[in-house]
Amino acid sequence: MTNHATDLDADRLHGLLSGTRWRSVEVVASTGSTNADLVTRAGSEDVDGTVRLTTDQTAGRGRHSRVWSAPAGSQLAMSAAVAVGEETEHLGWLSLLAGLAAADAIDEVAGRRPTLKWPNDVLIDDRKVAGILAEYTRAPAGGVAVIGIGINTVMTPDELPVPTATSLQISTGSAVSDTELAAAFLRGLADLLTHWPDDLDRLSAAYRERSDTVGQRVRLVLPGDQTVTGTAVGVDAMGRIVLDADGREVVAAAGDVTHLRPLDA
Ligand SMILES: Nc1ncnc2c1ncn2[C@@H]1O[C@H](COP(=O)(O)OP(=O)(O)OP(=O)(O)O)[C@@H](O)[C@H]1O
Ligand SMILES: O=C(O)CCCC[C@@H]1SC[C@@H]2NC(=O)N[C@@H]21
């Protein structure tokens, strides 16, 4: 196994995040799941504005109860807690906003512009460099969203959990500062959240610009395995994908998208 070092530093990160909504920064050497930690704590304390980060997550949670795995030190795993009060309608947007913030942060810090596949995949060279899971819990004082992201940073080719994954190290040839990457992501996310949920037009425009899915011909496998083929025409107020399937409108809150190249279409 490769030994990976990190520069992740809570004090420096706290300084880089001053003036943002992230008021509490927790860096831990290792934990099971940064998302699970904050979701659990939301039941008994005010976690709004707390971010929790590690480069050694041992029981990472993926979408649809899948496992999210990475050898120790090879990824930056972080979660951010946001009190959302009575808001439930626009929660689907939160993972899209995390994808946008991740794409901008990776562009800024690693010099590569990732593409975004709806709903939550951050891709470089068509391979997954980061995964996002936003979870919602109903706390005594109101709803709390925990927005989690795992970015494969210094994972080596032999450490990839699946052949469809990549890392920043593999795709750019160099390592980045975990502290700077985290700060860029969290600053970007905080900025996007200032427009959520009141200015979805602005967020939609930003998402369209970054999304590789909107405007594409896609195959969408819905939960339950029904498949729809059509052109992705946009994302609605709930963050759902809207397809034009040969004149029929299909709207989906969840599903697996494949971008169709002309030969697949
Ligand atoms: N560190 C990681 N990097 C990338 N993928 C990972 C990692 N750990 C676990 N996985 C999982 O490996 C699978 C990758 O498969 P694939 O590339 O086909 O993505 P996918 O099915 O489009 O992803 P998703 O789960 O977001 O729908 C996904 O279930 C993904 O969550
Ligand atoms: O693509 C996916 O399936 C989503 C993966 C989400 C992983 C991140 S890592 C930080 C946070 N903690 C978790 O347990 N999961 C998310």
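**Strand β10**

I began with β10, which four bridges join to strand β14 (residues 256-259), the two running antiparallel. The model is predicted, so I kept to its rules: local features need pLDDT of at least 70, side-chain atom pairs count only at pLDDT 80 or more, and totals for chains, interfaces and linings use all residues. Residues are numbered from 1 along each chain as its sequence is written, chains are lettered from A and ligands numbered from 1 in the order written, and side-chain values use heavy atoms, without hydrogens and water.

Strands (E, at least two residues) and helices (H or I, at least four) are DSSP runs numbered from the N terminus; two strands pair if DSSP finds at least two bridges between them. Opposite arginine 219 I found threonine 258 of β14. Five bridges join β10 to β11 (residues 227-235), also antiparallel, and valine 218 stands opposite glycine 230 there.

I then checked the faces of β10 (residues 217-221): Val218 and Leu220 are on the covered one, Arg217, Arg219 and Val221 on the uncovered one. In a regular strand the side chains alternate between the two faces of the sheet.

**Helix α2**

I noted that α2 (residues 34-42) is largely enclosed by the rest of the structure, because seven of its nine residues are buried (under 20% relative accessible area; exposed is over 50%, partly exposed in between; 1.4 Å probe, protein chains only). Among the buried ones are Asp37 and Leu38.

**Histidine 90**

I found histidine 90 in the loop between β5 (75-85) and α3 (93-110). Histidine 90 is buried, at 13% relative accessible area. Beyond four places in sequence, its contacts (heavy atoms within 4.5 Å) are Trp196, Pro197, Leu200 and Ala237.
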